[in-house]
Amino acid sequence: MGVTLVMIDTPGKIDAGALAAIKLADTIVCPTLGDLFSLGSIQDTVRLLEAAEKLSAAVSVINNVDESGKKQTLAEATAVLESFTLPIAPVPVMHRRPFVTAIKRGKGVMETAPKGQATREISALWEFLNKGATPKPKGRAAKMDRAAR
């Protein structure tokens, strides 16, 4: 089919569809909020990853981090995620107004605020996720790849 990149958003709960997607995936990105309730619910995701024998193919992304409690949130989230032996992306995604604006417009932050800090964070996250990825992405994903450089 010539497909090089497919992104599937699945529920973070034990579900046959999520398990099937995980089994087929080369890389699994597990975004999570940094609060303790969200971090507690990632246990189900870890169970799915373990059931599919894909924990080593997964990486967590700490998402929507409020600047005011950044240090504490990241420290707590890191401790919980490490206790699940879930690797953590070195780039957290902060809570930024441009993300909200982009969503309201049905676009990505790279389209609505191409020179802002939110775009720099997403670019750095994409660069991290794309390291060593083969084959290289095409189409819109390739544009994101070039923008990250």
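This is a tour of one protein structure, stop by stop, with something to select at each stop.

**Before you start**

The model is predicted, so local features need pLDDT of at least 70, side-chain atom pairs count only at pLDDT 80 or more, and totals for chains, interfaces and linings use all residues. Residues are numbered from 1 along each chain as its sequence is written, and side-chain values use heavy atoms, with hydrogens and water left out.

**Stop 1: the whole chain**

Show the protein as a cartoon. There are seven helices and two strands, in the order α-β-α-β-α-α-α-α-α from the N terminus. Helices (H or I, at least four residues) and strands (E, at least two) are DSSP runs, numbered from the N terminus.

Of the 149 residues, 34% count as buried. Buried means under 20% relative accessible area, exposed over 50%, and partly exposed in between (1.4 Å probe, protein chains only).

Contacts (heavy atoms within 4.5 Å) can also be sorted by distance along the chain. Among those between residues at least 6 apart in sequence, 66% join residues at least 24 apart.

**Stop 2: helix H3**

Select residues 70-83, which form helix H3. At 1.5 Å a residue, its 14 residues should span 20 Å, and the end C-alpha atoms are 20 Å apart, which agrees. The expected span is 1.5 Å times one less than the number of residues.

Which residues of H3 are buried? They are Leu74, Ala77 and Leu81. Seen down the axis of H3, the buried residues fall within an arc of 70 degrees, so they line one face of the helix. The arc is that of the directions from the helix axis to the C-beta atoms.

On the other side of H3, colour Lys71, Gln72, Glu82 and Ser83, which are exposed. Then show strand S1 (28-33), helix H2 (36-51) and strand S2 (58-63), which are among what covers the buried residues of H3. Just after H3, Thr85 has a positive phi of about 55 degrees.

**Stop 3: the nonpolar cores**

A nonpolar core is a set of buried Ala, Val, Leu, Ile, Met, Phe, Trp, Tyr and Cys residues joined through side-chain atoms within 4.5 Å. The largest has 22 residues, and Ile28, Leu49 and Leu86 have the most contacts inside it. Helix H1 (16-24), S1, H2, S2 and H3 each supply at least two residues of this core. H2 gives the most, with five residues.

Select Leu86 and show its neighbours. Not counting residues up to four places away in sequence, Leu86 touches Ile42, Val46, Leu49, Leu55, Ala58, Ser60 and Leu81. Apart from this core lies another, of twelve residues, including Val59, Phe99, Ala118 and Ile122.

**Stop 4: the salt bridges**

A salt bridge is a side-chain nitrogen of Lys or Arg within 4 Å of a carboxyl oxygen of Asp or Glu. The structure holds two.

Select Arg47 and Asp44, whose side chains meet at 2.8 Å, N to O. Both lie in helix H2, three residues apart, about one turn of the helix. Arg47 is partly exposed at 43% relative accessible area, and Asp44 is partly exposed at 26%.

Finally, select Glu121 and Arg96, which meet at 2.5 Å, N to O. This pair links distant parts of the chain, 25 residues apart: Glu121 is in helix H6 (residues 117-130), and Arg96 is in the loop between H3 and helix H4 (97-104). Is Glu121 buried or exposed? Glu121 counts as buried, at 6% relative accessibility, while Arg96 is partly exposed, at 21%.
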